[in-house]
Amino acid sequence: MADPTFLFDGRPTPYVEGQSVGAALTAAGIRSWRTTRLGGRPRGLFCGIGICFDCLVTVDDRPNERACLVPVRESMRVTTQEGTGHGDLEV
Amino acid sequence: MATSRSEHDAVVVGAGPAGLAAVDQLVRAGATVALLDAGHGPGGQFWRHPVPGAPVREVAGLHHDRSTYSRLVDTLHTDGVRYLPQHHVWTITAGEHFTVHAVDRSGDHEVPVEVHGRRLVLATGAYDRQVPFPGWDLPGVMTAGGVQALLKAHGVPAGRRVVVAGTGPFLLPVAAGLVAAGAEVVSVLEASPRARWLREAPAVLRNAGKLGEAAGYLGRLAARRVPVRTGWTVARADGGDALTSVTVARLDRSGRRVAGSERVVQADTLAVGWGFTPQVELAVGVGCRTRVDADGSVVCEVDDNQQTSVPGVYVAGEACGVGGAALAVVEGEVAGAAAAGRAPLPRRTSRRRATLRGFAAAVQRAHPVPDAWMDGLEDDTLLCRCEEVPVGKVRSAVRDGAVQDARTAKLLTRPGMGWCQGRVCGYATACLTARWSGTPAGSGTPAGPSSYDPTGFARRPVATPVTLDTLASYQSRYANRDL
Amino acid sequence: MSDVVVVGGGIVGAACAYYAARAGLEVTVVDRGPVGAGTTSRGEGNILVSDKAPGPELALALWSRELWLEVGADLGDEPLELERKGGLVVATSEPAMGPLAAFARGQQGAGVDAVPVPAEELHAHEPHLAPDLAGGVLYPQDMQVQPVAAAAALLAAARAQGAQVRTGVEARGLARDGRGAVTGLATDRGTLPTRAVVNAAGTWGGALSERLGCAVPVLPRRGFILVTEPLPRVVRHKVYSADYVDNVASSDAGLETSTVVEATLGGTVLIGASRERVGYDDTFSREVVRRLAAQATRIFPFLARVRVMRTYHGFRPYCPDHLPVVGEDPRVPGVFHACGHEGAGIGLAPATGRLLADLLSGAEPGVDPAPYSPGRFLEVARG
């Protein structure tokens, strides 16, 4: 049986049951999944335990989820987010 | 409105060693308890629970506490305990009883929850303390605690070629764990000189078990030829979109960088740890008095029964002083017993607590954060990661006279105004504003200048970002259900 | 020897110092805390004409708005984060439309730009508004600044004109000569020689006025603000509900909440507004926050899933007749009050500072000072 996968930016990415999105991405060699609001700089995991909010990522169209806390589910669609993550709200 | 039947005798926040020990004592006294914790499983940061699919199945960090852990976790299944994992507490209010306002984050969208109790035990733990350095915002730079969590809970080494740096005994298990998982640890850099430990010998010897632990890690690192250097630190991190190299430097006896000692080390991961910052905002929100501990952290004041300045509110573990898992267990026992109305505590418990506190204090004295980090900052080094505030912006505001204290720095230049609300940058901002606003050079240690004021960053009425829906809600679970 | 010592380094004290220095006076500003540490740092930075009925407060606000534009021209809009965003008042139900329109007509008569907006045009101004609002009024003259930055910028400009700013100094009382004239301000760091003292102590203006021997009735009125996560531009104006004006004018001690939503240059959205007279009670109020959140999502449904990163509260300085107290105290010549601005301190600061400088220097005041005079409380007492 193949390893379960979730989608990261459309790419099937393996994970292990219970792993956080951040852990699964790190295991896959992916170290950043968002760009900052002002400088457009890449960010990924920093504190790893949910207090720094650096690892924010969009999960199933919900922006600003902490990748280090959210456990992967097989149907999950995780996408890189830019800036506030709420670009669709801009008027 | 809640009826008396929905009210627990006690609500405990935090399921780490202190919280679990408190719950156990409360249950023994026949009390009804609600335990809320943000994690998926019990153990907190110290006793880290592996995820179901992780390769290594054992709970990390137990050392000699395996049987304690099992016993305490079993207690969670007894009648009279309502255990609520994945519940993040955002505020606590006091009235005829304490109301703990939380959100259940186990689903896609958070659900508001209110839990009531006559007594409160706050065992909210601590998180890694950090200081900025050039390049610290590159992906690949992580806290030591984060690297450990990634490895022990999720079974993932943070990178392939790792430098471990900072200060404190915690660096050793982080490095040893990485090595055991197959990562290459290039070196472990402990900023304190070896000589500092000799001064603390009496406290260390009274805690011989700790010595044995350290020796075990050192042995494992030596076996893999991982150099452990004292008096060395990280000076900067470099890379394009992710870390590719770390510049390290030697420190002299007074904690200043030795010019010309810099070396560049190729690495894809840097694990940095400078001790821990207690999480006190829930206690502060409910009115508890705090003090600044010897390591510069804001901690809750507690008496011999672990009671705070607010009657009925107890604090145990890191939140009343950083001191490790064993101390947290003892303090949790005392707090739980006191919250259940059982006091005074047996002499041997208070002796054990005193011994463990003595060791914790010795560790703090042996591992101060060296001043060198403040000298190595460049104008474009980020002070606040969330709001991308560069050091130069805050420095100019102080030099111009507009800012003289940490709170005004926050209001005018925005460090601490982002998602993490100053958890990461609060310590550094307080140290830097104290230094720049006129303390003489060389006295930049937290205990020194009277203008060091970290309390401005300790007050957070909303302890985790919740939605407006949650704030607007009138109905919440558990308000009217019987236990 | 100063010509004037201003007690209070918040927005009003800063404005007093700015204008007094420009008038050629030797100014010293003192504050027991850092700059802007009082109510100045607890508001939203509003400069409004929209929420005021015709009368002395509106007159002051219209003049003050012009002065803010001059301050912006002098110091630059950026250091103040001055935004000419305009205000949009919305009615959530049809019955509120009539009174709102009548109120706007009255304001137009007093020189306020007020543009009625029918329901079907609301979304052209604010696309994220709820679909079922009854209509509104647009006020192009409303503006916003970052209050602490503005206070700091005004003080910096005053210092450039020779003013001194001393933080960590607490005012204790007056030093007077044999004839009772003011000769100095006594502080915990010694006496500062001066012939005039300005009470710009905001919410603590009442307590200070007692120390100065001429009590004025300034009371605290608590307000909370919710701060959201950073967002792109989602709200263009200051948007508030029609019941806001009633609440400002109310003397009710109980909890009054109305909806106020506006964005900031930093990306967060600020949500208010609540008013209660609970003394200086510092504790978090779940009920206030509940109401503010519910009301905000009523007019901007998209906010429901937006996160709040922090909340803060402050104490507005409130006089019983809803007017600030600005002018020389008849009981103690040499003491000038400049406080009691309730929730309008930021907006009214330049006019207050300018009026005060006019009174100090003997120049013709830019506005009739009688309605704001401290003497009005004595007349009430006598009457």
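Predicted model: local features only at pLDDT ≥ 70, side-chain atom pairs only at ≥ 80, totals over all residues.

Visitor: Which residue in β7(A) does Phe8(A) stand opposite?

Guide: Residues are numbered from 1 along each chain as its sequence is written, while chains are lettered from A and ligands numbered from 1 in the order in which they are written. Now, β1(A) runs parallel to strand β7 (residues 77-79) of chain A, joined by 2 bridges; strands are DSSP runs of E, at least two residues, numbered from the N terminus, and two of them pair if DSSP finds at least two bridges between them. In that pairing, Phe8(A) faces Val78(A).

Visitor: And which residue of β2(A) is the bridge partner of Leu7(A)?

Guide: Strand β2 (residues 11-14) of chain A pairs with β1(A) in the antiparallel sense, over 4 bridges. The two make a hairpin with 2 residues between them, and Asp9(A) in the turn has a positive phi of about 50 degrees. Across the bridge from Leu7(A) sits Pro12(A).

Visitor: Which residues make up the covered face of β1 in chain A?

Guide: In a regular strand the side chains alternate between the two faces of the sheet. Here Thr5(A) and Leu7(A) are on the uncovered face of β1(A). The covered face has Phe6(A) and Phe8(A).

Visitor: Over to chain B: why do the buried residues of α2(B) line one face of the helix?

Guide: The buried ones (20 or more other C-beta atoms within 10 Å of their own, C-beta atoms being placed from the backbone) are Tyr69(B), Leu72(B), Val73(B) and Thr75(B). They line one face because, seen down the axis of α2(B), they fall within an arc, taken from the directions from the helix axis to the C-beta atoms, of 150 degrees.

Visitor: What's on the other side of α2(B), and is it buried or exposed?

Guide: Among the elements covering the buried residues are α1 (17-28) and β3 (81-84) of chain B. Exposed means 12 or fewer of those C-beta neighbours. On the other side, Arg66(B), Ser67(B), Ser70(B) and Asp74(B) are exposed.

Visitor: How far apart are the centres of domain 1 and domain 2 of chain B?

Guide: The domain assignment, automatic or from a database, gives domain 1 (7-127 + 277-345), domain 2 (130-274) and domain 3 (377-457). Taken over C-alpha atoms, the centres of domains 1 and 2 of chain B are separated by 29 Å.

Visitor: Last one: which element gives the largest share of the side of chain B that touches chain A?

Guide: With contact meaning C-beta atoms within 7 Å, 30 residues from chain B and 26 residues from chain A take part. Elements giving two or more residues on the chain B side are β7 (126-128), β8 (141-143) and α3 (144-154). The largest share, 6 residues, comes from α3(B).

How values were computed. Contact = placed C-beta atoms within 7 Å.
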